[in-house]
Amino acid sequence: ISEPRGIVLSQQNLLGNDAAIAAAFADEPTGRRLCWLPLSHLYARTADLYCWLVRGSELVLVERPEDVISAAQCTQPEFMNVVPYFLDKLRRHVS
């Protein structure tokens with residue numbers, strides 16, 4: 001097992017990724033995004049924050065993970081990036 005390595009990504013790299021996402025989903029409506037993942041993590045910044053900026057959609061920020069369901073009910077988002085653990089927890093809650 002090797003040591004973990006960091007990767008240097010510039011803001012231009014990250015915005016380039018989101019420009020590609022915006023082009024791939026150009027035919028989709030911009031819609032409202034619900035962001036509950038920590039913005040200190042690159043996935044949330046790329047998939048939610050920067051995508052929101054590039055596409056011009058509406059971004060709803062949720063401060064606490066336990067408020068995700070009520071925030072989704074109140075705001076009716078069209079998009080929400082999640083991690084597999086959240087989907088499993090949601091499935092158990094709904095069942």
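## Strand pairing

In this predicted model, strand 1 and strand 3 run parallel and are joined by two bridges. Strand 3 itself covers residues 79–80.

Strand 1 (residues 32–35) also runs parallel to strand 2 (residues 58–61), this time with four bridges. Here Cys-35 has Leu-61 as its bridge partner in strand 2. To get from strand 1 to strand 2, the chain goes through helix 2 (residues 42–55), and that β-α-β crossover is right-handed.

## Around Met-80

Setting aside neighbours within four places in sequence, Met-80 touches Leu-34, Trp-36, Val-68 and Phe-86. Phe-86 returns the contact, and on the same terms its list also holds Trp-36, Val-68 and Ile-69.

So what about the core? The largest nonpolar core has nine residues: Leu-34, Trp-36, Leu-37, Ala-44, Val-60, Val-62, Val-68, Ala-71 and Phe-86. As a rule, nonpolar side chains in soluble globular proteins tend to be buried together.

For a sense of distance, Leu-15 lies 65 residues from Met-80 in sequence, and their C-alpha atoms are 19 Å apart.

Gln-76 sits in the loop between helix 3 (68–75) and strand 3. Its backbone is worth a glance: phi is positive, about 50 degrees, although Gln-76 is not a glycine. Gln-76 also counts as exposed, with 51% relative accessibility.

Terms used: Residues numbered from 1 in each chain as written. Predicted model: local features only at pLDDT ≥ 70, side-chain atom pairs only at ≥ 80, totals over all residues. Heavy atoms only, no water. Contact = heavy atoms within 4.5 Å. Core = buried A, V, L, I, M, F, W, Y, C linked by side-chain atoms within 4.5 Å. Buried < 20%, exposed > 50% of the residue type's maximum accessible area, 1.4 Å probe, protein only. Pairing = 2+ DSSP bridges. Right-handed = clockwise from strand over helix to strand, strands pointing away.
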